[in-house]
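Reader: Hello! I am new to this one, so please pick a single part, look at it closely with me, and then show me what else is around.

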Amino acid sequence: MVFGRSEPGEPPLVTTKILIAGGFGVGKTTMVGSISEIRPLRTEEPLTDRGVGVDDVSGVERKSTTTVAMDFGRITLTDRLVLYLFGTPGQERFWFMWDELALGALGAVVIADTRRLTDSFPSIDYFERRGTPFVVAVNCFDGAERHRAEDIAIALDLDPGVPVLLCDVRQRESSKEVLISLVEHVLSWSETEPGPAGAAAPAG
Amino acid sequence: MMSRSRDQWFDREAGPLVRPYAMTQGRTRPSGESFDLIAVVAATGEPPGDRLRYSPEHQWILRRCGTPVSVVDLASDVGLPLGVVRVVLGDLRDEGLIRVVATIDRSSERPNLGVLREVLDGLRAL
């Protein structure tokens, strides 16, 4: 979360972000697109040091950088508050980018597909380990068998209190409800968990 | 300058004529502290004089910083990879031409409650 330093006469711009995670092809890009202005972003990441241990670079040893195309969306909430949505890179070789994306994130949405529930395990593990609050949004594809949210929570071995929502990420209203549920979850989580000193609310 | 067409996206990835780091003399990290993805940068208003000898990219980016802009929006607007944009921003900061006006509070992993409530209200009003 980003706080502007106050400038006399102009309201500081405040930016914040939510991560949209989940397995490959589960609907991350669709969700970002249904609720926000979607924008292209490219990064060139050096593979030489940061890739060691996480990247399988066999066969591409001489390649020193890799281009990663990421989706990000922007929702202008007020004239001074902008929310960014970042779709996490799906391929395993881009795991190293997650730490930067997660730093300062308000929370995360893990999109799950009941036909391939195990695909969402890496994302769930990551946010649990990192202590990032998240909700699981079960994308109900056409023809996908409907399951009860409680059953999915058990199948995913979620900690009690992690919300599981059934949604259709193609629908703007549905994506909006998922984001609202996440922020409500983060609020209740922030109010109950002891926070560090100095996290004061901004004036106004 | 960045086409939204997928074909063009692939073209760029397939082989740019100038490798991105040619613009930065091979540097992949900015001098000094890096720029967070959602940090907000703005021009200081300092006249550039002859300090913009580096490249047209420095001039585009400085011009775009005339109004406060986040680092990701800037990279998307100018159509350059994030890493290149960060190096250029580092040069401009070194010359006193831009500054970071807002960035992540690294001292706190805990979201700010006031901002959370504002985000919630904003989402409900969409």
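Author: Let me start with the words helix and strand: both are DSSP runs, a helix being H or I over at least four residues and a strand being E over at least two, and they are numbered from the N terminus. What you see is a predicted model, in which local features need pLDDT of at least 70 and side-chain atom pairs count only at pLDDT 80 or more, while totals for chains, interfaces and linings use all residues. Residues are numbered from 1 along each chain as its sequence is written, and chains are lettered from A and ligands numbered from 1 in the order in which they are written.

My pick is the loop of chain A that runs between α4 (149-155) and β8 (164-167), where you will find A:Asp157. The phi of A:Asp157 is near 55°, a positive value in a residue other than glycine. Most residues other than glycine have a negative phi. A:Asp157 counts as exposed, because it has 9 C-beta neighbours inside 10 Å. Here is the scale: with C-beta atoms placed from the backbone, 20 or more others within 10 Å make a residue buried, 12 or fewer make it exposed, and anything in between is partly exposed.

Chain A has five helices and eight strands, which follow the pattern β-β-α-β-β-β-α-β-α-β-α-β-α along the sequence. Of its 204 residues, 36% are buried. A contact here means that the C-beta atoms of two residues, placed from the backbone, lie within 7 Å. Taking contacts in chain A between residues at least 6 apart in sequence, 70% join residues at least 24 apart.

Another spot in chain A to visit is helix α3 (residues 121-130), which contains A:Phe121. This residue is partly exposed, since 14 other C-beta atoms lie within 10 Å. A:Phe121 and A:Val110 are separated by 11 residues in sequence and by 9.4 Å in space, C-alpha to C-alpha.

In helix α2 (residues 56-64) of chain B, the buried residues are B:His58, B:Ile61 and B:Leu62. They line one face of the helix, because they fall within an arc of 100° seen down its axis, the arc being that of the directions from the helix axis to the C-beta atoms. The face turned away from them carries the exposed B:Pro56 and B:Arg63. Among the elements covering the buried residues are β1 (40-43), α3 (71-78), α4 (82-94) and β3 (98-104) of chain B.
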